[in-house]
Amino acid sequence: MPLHSARAAALLAWVSSTKVCTDPFNDLSQLRDCSVFIRIINKIHRSEEGESVLEQPLPERISFIRGFLQKHCKHKSAAENLVSVQELLEGEELALAKVAVLLLYHTSMSCKSPGDWNEFDYKTQVELASILKFVLDNEESLSENLETFLQRKALLSSSSASTSSSEEHSPLLSLPHKREVRFLELQKIASSSGANNVPLRSMLPGPPSSPMGDVMQTPQFQLRRLKKQLAVERENRDELEVELAENRKLITEKEAQITMMQQRIDRLALLNEKQAADQREPREMEELREKNESLMVRLHEALKQCQDLKTEKGQMDRKINQLSEENGDLSFKLREIASHLVQLQEALNELSEEHNAALAQSQEKQGQLESELRAALQEKKCSEEKIEILQGKISLLEDQLAKLGDCSAQEKGEVMGDVLKLEELKQEVSSLAAKGAELQATVLRLEEEKQQREAALQSERGRFEEEKQQLGGLVASLQSSLSESHQARERLEQDLQGREAEARR
């Protein structure tokens with residue numbers, strides 16, 4: 001089955017946007033030598049560790065790429081089964097697309113911010129967002145589902161994408177009294193985050209500017225990024241602890257050498273004293289004295305070096321302890337942040353459910369009001385038409401009675417029936433007029449109730465959007481807190497690396 005053309009085009013647009021090559025890519029077959037993937041990996045790590053691999057044959061390049069993916073994917077066995085060596089050697093477009101998807105996911109988790117995606121057009125962002133959301137939702141079964149996702153027909157993918165988009169961007173309303181209670185709960189969650197020293201820089205950010213921004217600002221994506229950053233920091237801490245153990249071993253060896261040199265010096269000193277007591281100065285004694293002086297100089301140098309190493313060891317021990325404490329604090333903060341994000345997501349889901357229910361109820365009520373209004377207007381129109389007909393009849397009868405005013409008494413008696421008939425018409429007109437007035441009042445009441453209902457719904461929409469923006473601001477502030485902790489961790493790592501290099505010299 002061929003690849004989904006829109007998703008393949010979006011992946012190529014993302015690869016071109018990395019600017020690892022000057023010319024843009026128009027076909028996946030242009031990536032078959034895998035050099036672009038290696039340059040993207042180097043750019044992610046801001047290093048040149050893969051430059052030497054670019055000069056090696058294709059199998060070594062593929063091995064380097066698979067090693068990177070296995071190291072940074074959540075499940076190494078899944079990553080190993082996901083990308084086939086044979087398919088990459090044959091340059092199959094499906095295998096190349098899989099590698100591009102995994103690198104896109106890793107890059108967005110590592111260094112991309114929502115604003116960086118504005119360089120893409122809206123259609124490309126929609127496809128990239130659908131790819132990123134798919135990987136987030138299928139991490140446990142990626143090797144079984146990614147191939148089907150990349151080959152999915154356009155009709156199915158567009159239908160699902162539109163459904164997802166409508167679900168994410170549909171306005172969410174709910175009844176006023178329930179919304180106020182829920183918003184108080186959200187404010188309580190936000191204030192609890194502030195009480196734990198989580199900086200809240202901006203509680204009212206602007207709406208997301210792109211589909212990729214929408215995905216990257218969801219609690220699911222933010223929590224996955226926090227977990228990934230914590231795992232990287234744990235690996236860095238383990239590496240530092242290994243290096244510290246090596247330095248401690250080096251210091252122990254230096255101390256052993258110093259002890260042996262001190263013992264030799266002590267023996268030479270005893271021999272020197274014995275020679276002085278005999279008052280003999282043979283040539284061998286002169287050589288021993290010179291050796292003794294040379295050893296004393298080397299001893300002082302070794303003692304000074306040992307003292308420096310001990311001082312640096314103490315500093316590194318303190319730094320490691322501080323690092324462990326910071327890592328513990330970071331882990332605690334991550335658990336709190338994860339808990340808060342789960343609470344926020346649950347609260348948002350409840351708000352959505354309440355709003356959908358309220359919206360359905362309001363729409364049903366509005367439909368009833370409009371139906372009643374149409375019926376009342378129709379009945380009013382019928383009454384007015386009847387009144388016009390009856391008034392015409394009344395006018396006709398009054399004209400006839402006026403003409404018969406001069407007739408004989410016998411003829412007047414015959415016309416009395418028409419007079420009664422006329423009185424009945426007037427009463428009917430009065431009754432219809434009263435009913436028309438009642439219908440007019442009903443129409444006015446229904447229209448006023450409809451306007452009030454629409455105003456309430458509009459107010460609820462504004463209130464919900466405001467609360468949604470505040471939730472987004474809270475997630476952003478939590479991410480900023482972790483970023484500050486990560487920067488402090490990098491500064492500490494650089495300091496330890498500098499001291500380690502000095503100690504080795």
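Trainee: Why does Arg7 count as buried?

Mentor: This is a predicted model, in which local features need pLDDT of at least 70, side-chain atom pairs count only at pLDDT 80 or more, and totals for chains, interfaces and linings use all residues. Residues are numbered from 1 along each chain as its sequence is written, and side-chain values use heavy atoms, with hydrogens and water left out. Buried means under 20% relative accessible area, exposed means over 50%, and partly exposed lies in between, with a 1.4 Å probe and protein chains only. Arg7 has 3% relative accessibility, so Arg7 counts as buried.

Trainee: What makes the pair of Arg7 and Glu127 a salt bridge?

Mentor: A salt bridge is a side-chain nitrogen of Lys or Arg within 4 Å of a carboxyl oxygen of Asp or Glu. The closest N and O atoms of Arg7 and Glu127 are 3.6 Å apart, and the pair forms a salt bridge. Arg7 lies in helix α1 (residues 5–17) and Glu127 in helix α8 (residues 122–137), so the pair ties together parts that are 120 residues apart in sequence. Helices here are DSSP runs of H or I with at least four residues, while strands are runs of E with at least two, numbered from the N terminus. Glu127 has a relative accessible area of 14% and is therefore buried.

Trainee: How do you know that Asp137 is partly exposed?

Mentor: The relative accessible area of Asp137 is 42%, so Asp137 is partly exposed. Lys133, at 25%, is partly exposed as well. The side chains of Asp137 and Lys133 meet in a salt bridge, with 2.7 Å from N to O, and being 4 residues apart in helix α8, they are separated by about one helical turn.

Trainee: Why are α7 and α9 called roughly perpendicular to each other?

Mentor: Angles under 35 degrees count as roughly parallel, over 145 as roughly antiparallel, 65 to 115 as roughly perpendicular, and the rest as oblique. Helix α7 (residues 93–110) and helix α9 (residues 142–150) pack at an angle of about 115°, with their axes 11 Å apart, and α7 and α9 are therefore roughly perpendicular. The axes are lines fitted to C-alpha atoms, for helices over the stretch in contact, and angles run from 0 to 180 degrees between N-to-C directions.

Trainee: Which residues of α7 and α9 make the contact?

Mentor: Contact means heavy atoms within 4.5 Å. The residues in contact are Leu94, Ala97, Lys98, Val101 and Leu102 of α7, together with Leu142, Leu146, Glu147 and Leu150 of α9.
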